[in-house]
Every structure is written in C-alpha cells, then in structure tokens.
Amino acid sequence: MIVLEKRPNPSRAWAFATPVLAVIATMIAGGLLFAALGKDPVLAIRTIFWDPLFGDFASYTRPQLLIKAGPLILIAVGLSFGFRAGIWNIGAEGQYILGALTGAAVGLAFYPTESRLVFPLMVAAGALGGIAWALIPALLKIRFGTNEILVSLMLVYVATNLLAYAALGPLQNPEGMGFPGSRNLSQWLAAANLELFPGTGIHWGVIAAGLAVIVAHVLLARHVFGFAVRLAGQSPRAAAFAGVSPSRLVLACMAMSGGLAGAAGLFEVTGPAGQISIDFNVGYGFTAIIVAFLGRLHPVGILLAGLLMALTYIGGEMAQLQLSLPAAAIQLFQGMLLFFLLAMDVLTQFRLRWKGAPVVPAPAAAAAPQEAS
Amino acid sequence: MDLGGISPILLLASLMVASTPILLAALGELVVERAGVLNLGVEGMMITGAITGFATAVATGSPALGFLGAAAGGAALSVIFAVLVLWLKSNQVATGLALTLFGLGLASLIGQGYQGIRAPSTARLDIPLLSDIPALGPILFRHDWVVYLGLALVAGTWWFLSRTRAGLTLRAVGENHDAAHALGYHVLRLRFLAILFGGACAGLGGAYLSLVRVPQWTEGVTAGAGWIALAIVVFASWRPLRLLLGAWLFGGISVLQLNLQAANVPVPVEVLSMAPYLVTILVLVLISSGRGRARLAAPGSLGQPFHASR
C-alpha cells in the first residue's frame, strides 16, 4: 500500500512537472472521452492542440490565439494575488461585465466625438467599474465578515442581469431599429480597440496583459506587497506579526483583480466583441480561474497557461466545425485539466512511499533544515 | 400593474415548491460542512443531477426512477471531489470550483439530445384529510412527494446530527479532526460518506428543477441555486431546522419576484430577477455581522485538509 509522507518543503521539481503531466493526462482522458463520443481521439486531439498552430488555417487561427489569451491572462494575473493570499475572488466574470458596461457607457457619452482621449478614458472607466464591483465583497468582508466567495459569485448573477438591462435599455443603439445591443464600438474609430500590427491579433488588451505579467512578476518577486501576499498565504499568523494588515490586503487584492478584469472586459467589448450585447461575455472570468491555477499562480506560468487555454478554445471551435464535437466537450475538457492538476499537486506536497519501506526518522527530517541554515 | 391577482395562499404554496431544490442541496452541504469539508461544487453536482435525473426519467418514464438517477449522478460526481480532497489532499476551494466547472460542462454534454423534451410529470400527492384544512391544506399538504421528502430529510438530519451516536461522531470529526482521529474514529471514511450524501442531495435538488419546476432540460437550469444553497448553510448557522427557514425565505423571494413580473410592476424585469441574489448578499451581511456569530458557529475543522501523520 502507498502512504503519503509530508515533504518538509514543497518540491520545486514537481511544481514544474505537474502542470505538464496534467496536460498530458488530460489529453489521454480527453481522447478516451472523444472516443466514447464516437470521434477519432487522435484526430480530435490533433485538431485541438496542433491544427490551430500549424494546420491549414493557421494564418487565421494564430492571431485568434492572442485575442483569446489576452483577457484570460489579464484576469488570471489579477486573481493570482488574491488566491495566493487566501482571498477568493471568484466573481471575476461579474467584474469583467461591469468593466465593459461602465467603460462603454462613459465612451458612448462622448459619441460621436473623434478624440484620441476617448479610448484611454474608457479603459480607465472600465477598470474603475471592475474595481468598484470587486470592492463590494471586499468591503463587506472587512466590515461584516461575510464570505467573499459567495458575495462575489452572487454579484456575477446581478451583473448579467445589469448587462441585459443595459443592452435592452440605457445603452441600446438608438439607430439599431430595436435590436438589443449598443452602438458598434469597434466601428467608431475613437473607441475602437483595433489590431495594432496586422495579422498578429495584438490589440491593446494583449499589450496590457503582457505588461500585467511583467508588473506582477516584479511585484511578487521584488516588492513588499508581493512578500505580504505570499506570507499571508503561507501563514496568516506570521503575516500578522510582520505587520501585514489583513483588511488592507483584502482591499488591495480584490481591487487589483477587479481592475484587471474590468479592463479586460472593456478591451473585449471595444475590440473582438465590438458592442455591448446580452451575451458578449463568454465565461473568461471563470476560465481565468483555471488559468491561474494551471500557471501555479505565477505570472510567467499564467502567461503559458493562458496561451494553452486559448488554444483549447480555438481548437475546440475547430473541432466543433470539422468533427462536430459538441461545444460542451471542450468545457468538460478544461474542467478535467484543473482536476488532473489538483490531483497531481499531491506530488508537490507529499512524498509517496510503499508501506514497510524504511522511512526517514522524524528527528533527522526535522533537523535537516536547521543544519542548512 | 395588477397586484390584486396575487393570491397569498397560492404564493405560500408555490413558495414550498420553489424552496425545495435549494433546501435539498443545502441540506446535503450542511452535512458535508458539519463533517469539516467545504464542497463548493454544489452547483456542478446539482446540474449534473438535473440532467441525469431528467435522462433517467425520460428513458424509463418514471419520475421516481429519475430522482434515483439524479441522486446517483450527484453522488458519482461528488466521488471525484472526495478522492481529490480526502486522499490527494487538494485545496478544497479550488477543487470545489473545478467540480462546478466540470459539472456544468458534463451536464450540457449529456443534455444535448434532451432539449425541448417534456419530462414525465411527477404526480401530486394530496395528503388525505389534512389537505382539506382551509388555507393550511393547500399551502402544506397538496404537493408532490419530493416536497415531503425534503421536509422529512430535514427532520431526519436534525435527528441524526443531534440524537445519534454516528451524528455525534460526525460532528466531532468536523470540529476537530485530529482529536477525532486520536480517539480512533475513521475521519476520511466518515467524510467520504458525508460527501456522498451531499452529492446525492444536490442531485435530487437539481432534478427537482428539471423534472418538476421547469419541467424540461435547459442549459444552466440551476442558475446559481447551488451557490444560494451554500449561502443558506451559512445563514442557518449549520443547523438543519434553521435551514428550513432560510430555504423558505429564498423560495419566497423568487416566487414573489416572478409574481411581480407577471403582475407588470413598473420595475424592469432584470431588476426583479436580481432580487434573490441581492437578498442573499443582504442576508449574509446580516448573519455575519451579529458580533461574528456566523463564524463562531462554523465547524472548527471546516476547509482544512486532514493528514494523519501517525
């Protein structure tokens, strides 16, 4: 029988290896799933993971990769700080919607002004909208001790209702002949978030995502805020002794994730989505949670995880068209990836041992770190 | 606007029906949390139960078998959670979220062929004599059997937790798993059973939505009911009888807002649809703020992984 033995410190080698192993395991399990659905598993996996990058339509799908990865990375980087510190903002989808709504509303107030200032103003408004929405669970948690998981999630449902209200009411296109949805923002030059380099898919949101990764990396590795976040996650008591204020940490982490999610929403609604419509959001806020964990809550890891997750989105769409694989299968596939990752995490924290094999005596294991220091 | 069309007796009767899915799911989660495990995958297990129950009922033509299939579906999904959390020591919050995302995907995959089909109807079970009582009869005693099952499960859970030896052990495991382990109780085995029960209950709750409330399969049929169930457990301070109160409150709000929509109240439909979620937040604030009461009532080992070092 196998027994688990707690490692004195998490294994760094396994921390790098587990995401890769999880992806491989997901491919195998996914292949079995696709076979069960009556599709050729090898072909399906190839369509999802290979064809978007190197297939016949790669010149079209490669830019899509960055378009999809941009918001995922931007949101996930924001979430990772809170997740590290044990602050669970799982309502990023709501903050994403609110950012798009407030940003678009501010922009549309200036319609049809052609000014270079409109777009930056909209980005700021979008970020502020996301921050405001994220501060609701943060302030309630600080003031009343409510659970931020539940409140931030409830606010997602409130946000989707607000979105429906706005798309059919205040933000509806007055020249839209009664169709739901706002004016087309991507066709209004002052507000449009266009492709900056033709054929690459890079728009302002992608650039913001890249900047967020760099800034987050510096914050985490070099800044006292990153230290506070890591400390609070590993030992809240130690953090309290070190003078980290829990309330301020909650506010900072929630505002950060909300702001980035809100900005992501604004970039999406002015670019790829083009307008405020009832269903412009496609669940990036939830998928970003998977991205954050898959990237080990580390900025560089999140960058890679975001690209991988974007790949499954695009590959999934291709598999839908070419192999008539159901869209839900991809959602299942993404959920499976997170399961495998969480399951394999056990290898990072614990050592597997056959029962009966000689175990390192406990005093020696405890003494080892002291000798090293 | 036509508020006169709303009959208080019908409103209360439909409140009983509307609260049943949340009640069932919350009851399962309550037992899981009393055992010291936080399963945030209620929404995923609910929607999986909704579709497995629906599929079983359509295939067999029997709603009773459908509910059985739903319980099995919810429990099966919870096994994944249990293995990850109990034996592979994964983070409970992250695993619960993964379970919800996975369940939503699984349900819409299974549900593909079932859109637009009507479920076989669940028969109403009027309780003789009692159902003839004026006012109280229609409110309490003219429902389908699942409503009664929900109420019976609440009573049964209360009795189990507070009056039986096994219930006491379960609470001990939830309050302090190290102490319970030292006393020789099987912490992981008990938690596994509790998680299975939670999954089965969530499945039943989901099936009540797809088989009775709606009654057909639509994607996202649970619409956050699983999350509201989680909130109600906090609201109830982890006590079964208070759970009933919480579920009725939320059932009441959702029924009321539907009635107000039908009565053409001059408030946008979307604002009315927000009401249950906003009230959930409000209630969470009220229950958490009373000198930190809610947190004091939470089981001591809630959300912490258990690893027997010896």
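Trainee: Where in chain B is Ser237(B) found?
Mentor: Ser237(B) sits in the loop between α10 (225-235) and α11 (240-262) of chain B. Helices (H or I, at least four residues) and strands (E, at least two) are DSSP runs, numbered from the N terminus. This is a predicted model, in which local features need pLDDT of at least 70, side-chain atom pairs count only at pLDDT 80 or more, and totals for chains, interfaces and linings use all residues. Residues are numbered from 1 along each chain as its sequence is written, chains are lettered from A and ligands numbered from 1 in the order in which they are written, and side-chain values use heavy atoms, without hydrogens and water.

Trainee: Why is Ser237(B) called buried?
Mentor: Buried means under 20% relative accessible area, exposed means over 50%, and partly exposed lies in between (1.4 Å probe, protein chains only). Ser237(B) has 11%, so it counts as buried. Its phi is also positive, about 50 degrees, although it is not a glycine.

Trainee: What is the phi of Leu297(A)?
Mentor: Phi of Leu297(A) is near 60 degrees, a positive value in a residue other than glycine. Leu297(A) is in the loop between α12 and α13 of chain A. Its relative accessibility is 13%, so Leu297(A) is buried.

Trainee: Arg296(A) lies in that loop too. Is Arg296(A) buried or partly exposed, and how do you know?
Mentor: Check the value. Arg296(A) has a relative accessible area of 24%, so it is called partly exposed.

Trainee: What does Arg296(A) contact beyond its neighbours within four places in sequence?
Mentor: Contact means heavy atoms within 4.5 Å. Among the partners of Arg296(A) are Ala15(A), Pro19(A), Arg84(A) and Asp345(A). Pro19(A) is 277 residues away in sequence, and the C-alpha atoms are 8.1 Å apart.

Trainee: What makes the pair of Arg296(A) and Asp345(A) a polar contact?
Mentor: A polar contact is a pair of N or O atoms within 3.5 Å; within protein, one must be able to donate a hydrogen and the other to accept it, and residues adjacent in sequence count only if both atoms are side-chain atoms. The side chains of Arg296(A) and Asp345(A) make such a contact at 2.5 Å.

Trainee: Why is α8(A) called roughly perpendicular to α9(A)?
Mentor: Two packed helices are described by the angle and the distance between their axes. Axes are lines fitted to C-alpha atoms, for helices over the stretch in contact, and angles run from 0 to 180 degrees between N-to-C directions. Under 35 degrees counts as roughly parallel, over 145 as roughly antiparallel, 65 to 115 as roughly perpendicular, and the rest as oblique. The axes of α8 (204-222) and α9 (224-234) of chain A come within 5 Å and cross at roughly 70 degrees. Therefore the pair is roughly perpendicular.

Trainee: Which residues meet there?
Mentor: Leu219(A), Leu220(A) and Arg222(A) in α8(A) meet partners in α9(A), including Phe225(A) and Arg230(A). By class, the contact of α8(A) with α9(A) has five nonpolar, one polar and two charged residues. Ala, Val, Leu, Ile, Met, Phe, Trp, Tyr, Cys and Pro count as nonpolar, Asp, Glu, Lys and Arg as charged, and the others, Gly among them, as polar.

Trainee: How do you know that Ile289(A) is buried?
Mentor: Its relative accessible area is 2%, so Ile289(A) is buried. It belongs to helix α12 of chain A. Leaving aside neighbours within four places, it contacts Leu79(A), Phe83(A), Ile90(A) and Leu97(B).

Trainee: Why is Gly206(B) called buried?
Mentor: Its relative accessibility is 0%, so Gly206(B) counts as buried. Gly206(B) is in helix α9 (187-213) of chain B. Beyond neighbours within four places, it contacts Met46(B) and Ala50(B).

Trainee: Which bond joins Tyr111(A) and Pro112(A)?
Mentor: A cis peptide bond, with omega about 0 degrees. Pro112(A) is in the loop between α5 (92-109) and α6 (118-144) of chain A.

Trainee: What is the average pLDDT of chain A?
Mentor: pLDDT is the predictor's confidence in each residue, from 0 to 100. Chain A averages 85, and 95% of its residues score at least 70. Over residues 364-373 of chain A, the pLDDT is below 50. Where pLDDT is low, the predicted coordinates should not be read in detail.
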